[in-house]
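Subject: Structure for you to look at

Dear colleague,

I am handing over the structure below, and after it I set out what was found. Please read the notes with the structure open beside you.

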Amino acid sequence: MGLRSIRYTGQALREFFRHWGSYFILSFVVGEAISLIIVPVLHNVTQALLGASGIPYVSYNNLGQIITQHTWGAVALLLLFFLLLLLVYAQFAMILIGVENVVQQRQQNLRAVFGEALRDLRRIRPTTVLFFVFYFILVIPFAGGIINSPLLNKVRIPQFILDFLNENALYGFLIGMFYLAMLYVGIRLIRVLPHMILDDQSAGEAMHNSWQETRKHFWFYFWRITWLTAVVTVVQTLWTEGLILFQSYLDNSQPTFAYVGSIGTMATLQVSGLFITALATTLYYLLLVSPDTVIKAAPAPISVKERKKRKRWPRVVAALVIIFAAGIYLVYNAVYMAGGFDYSPITISHRGVDDHNGVQNTIPALQTTAKEKPDYVEMDIHETKDGQWVVMHDENYDALTGVNKTPRQLTLAQATKLTAKENDHAAPVASFDDYLAAAEKLHQKLLVEVKTTPHDSPNAVNDFIKQYGNRLIKDHNRVHSLDYRVIAAIKAQKPKLYASFILPYDLVFPETKADAYTMEYTTLGADFVDQAQDQGKEVWAWTVDDPDKMEEMIFIGADGIITDNLHDLQDTIKSQEDHPSYAARLRVYGNQFNWDSLNGTEN
């Protein structure tokens, strides 16, 4: 099975390079049409819809409110979601039909391919939409390389959920088993879309046929997908590392030409990204069109001259596109390599610790971490039984203190008698008053996360603002919260108090009164950062603990980074401020470029 998959991969590679111009144009035109036209239009329509409906944001914690209080807005958002699915279908159909045309040597132009895809859309049935919901959402974590689309770039598992699963073995095991089952089902249904699009079968008929065709052939498809993915990954990695190595040579041996060379080397990386995207797209779609072997149909009876002409023009057009793209890239690269986009993000210590140097959210940890001079120390507060505020992240004291009580079940006096233990450290649970006073003594600015629960007192947020608002403003502290009611109340009562709205997902760009957005970093992209900054709002990425991910957040322009590893963040920022080599800049770019287009993302 493995040898057959290797031979098949070789056939697919030869097919791509035989007609690389046609495949490149197909991939480029469809991808750019979606990125430059469809995605912006969908964004503008969504923002207009939210504004007209009075919906400030869309997240997991306000879906019920949207349905009950903004019913027509909810209906419109649902229709927009179905439109999104139809557009994904259209994208997939266009590429699949185009790849089949090249394989079968029908030589239809892109206009004919697009028309055929639109005609196919008219045959779509409600069951087809239901199949999309199932297939794309449940299988996309594994099949994203096969069916990638910037329209689906939000479909990813945030890191905080993965961290939760890692800390809860049973949940992680159950979710793992579920997605292994989905992987099996996804491969068994891998022939559904080709049957629906190329053979005009209904969703039910296509599912039945795919299930029969893949019976006892699971490993057949699994190994083909694995080898195709391996080839793309190896090509991508070796090419990127080779370019970085070449730039290192220029930096060390040819310093006079290093800057000019870096501009060209980076342009080569960018253009090759387009080429490898086309390669990956073609390999995967060839698998769907011809899973057994890439066999070409007999060419139509035309003259040799006409055949050469048909083969030549796609390569000429593709070459012109590559040259045009390279020209645009060169301008950006000249500024980037000269340090024109360099900046230093705000450093924020998550829960007041750095690399396990104390117990989170305690005064001793604050005192230790403040010596490293973060711009802000992020910490969490809950309302207590007597309407005071305790410094605690979790909604239960059990994890840190061993006492199975919630903040609302104990008074502040009772809570501050508890001892929190973590990372071989121990410290008393602190009141917010004491923590704030300690921060003031240290001249350390705070980022206060106001946590709310359904059990809080009715006036909890208003009492907090009344008691601490002016003091927080005077100390130049900031506030953020997952509860938008907190943000809205702060901006209504204390507009000078800087407040950020925490978003766990980058689903739809919000229209709120917040001064900033605290965004979970694995769903954060440059498009969100650009939109926020265009509105004069900052974006803080949380919780970023890996240096490579820190570089990525700096690269996309995040204004602040919240981290458990403050020292690593400071070192990462320093390395970028100390005039890094052109090869180092190329590596930073390459790490982010590796390669969003291959995963169906648009940053």
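Arg-478 counts as buried, because its relative accessibility is 14% and buried means under 20%. Please keep in mind throughout that this is a predicted model. Arg-478 lies in strand 7, which covers residues 478–481, and, leaving aside residues up to four places away in sequence, Arg-478 touches Ile-346, Tyr-376, Leu-446, Leu-447, Val-448, Tyr-498, Glu-538 and Trp-540.

Lys-445 sits in the loop between helix 17 and strand 6 (446–450), and with 33% relative accessibility Lys-445 counts as partly exposed. Not counting residues up to four places away in sequence, the contacts of Lys-445 are Asp-375, Tyr-376, Val-377, Asp-475, His-476 and Asn-477. For one of these, Val-377, the C-alpha atom is separated from that of Lys-445 by 6.5 Å, although the two residues are 68 residues apart along the chain.

Helix 17 (residues 432–442) packs with helix 18 (residues 460–474) at an angle of about 5°, and their axes are 13 Å apart. Helix 17 is therefore roughly parallel to helix 18, since angles under 35 degrees count as roughly parallel. Helix 17 contributes Phe-432, Asp-433, Leu-436, Ala-437 and Glu-440 to the contact, while helix 18 contributes Phe-464, Gln-467, Tyr-468, Arg-471 and Leu-472.

Key. Residues are numbered from 1 along each chain as its sequence is written. This is a predicted model: local features need pLDDT of at least 70, side-chain atom pairs count only at pLDDT 80 or more; totals for chains, interfaces and linings use all residues. Side-chain values use heavy atoms; hydrogens and water are left out. Helices (H or I, at least four residues) and strands (E, at least two) are DSSP runs, numbered from the N terminus. Buried means under 20% relative accessible area, exposed over 50%, partly exposed in between (1.4 Å probe, protein chains only). Contact means heavy atoms within 4.5 Å. Axes are lines fitted to C-alpha atoms, for helices over the stretch in contact, and angles run from 0 to 180 degrees between N-to-C directions. Angles under 35 degrees count as roughly parallel, over 145 as roughly antiparallel, 65 to 115 as roughly perpendicular and the rest as oblique.
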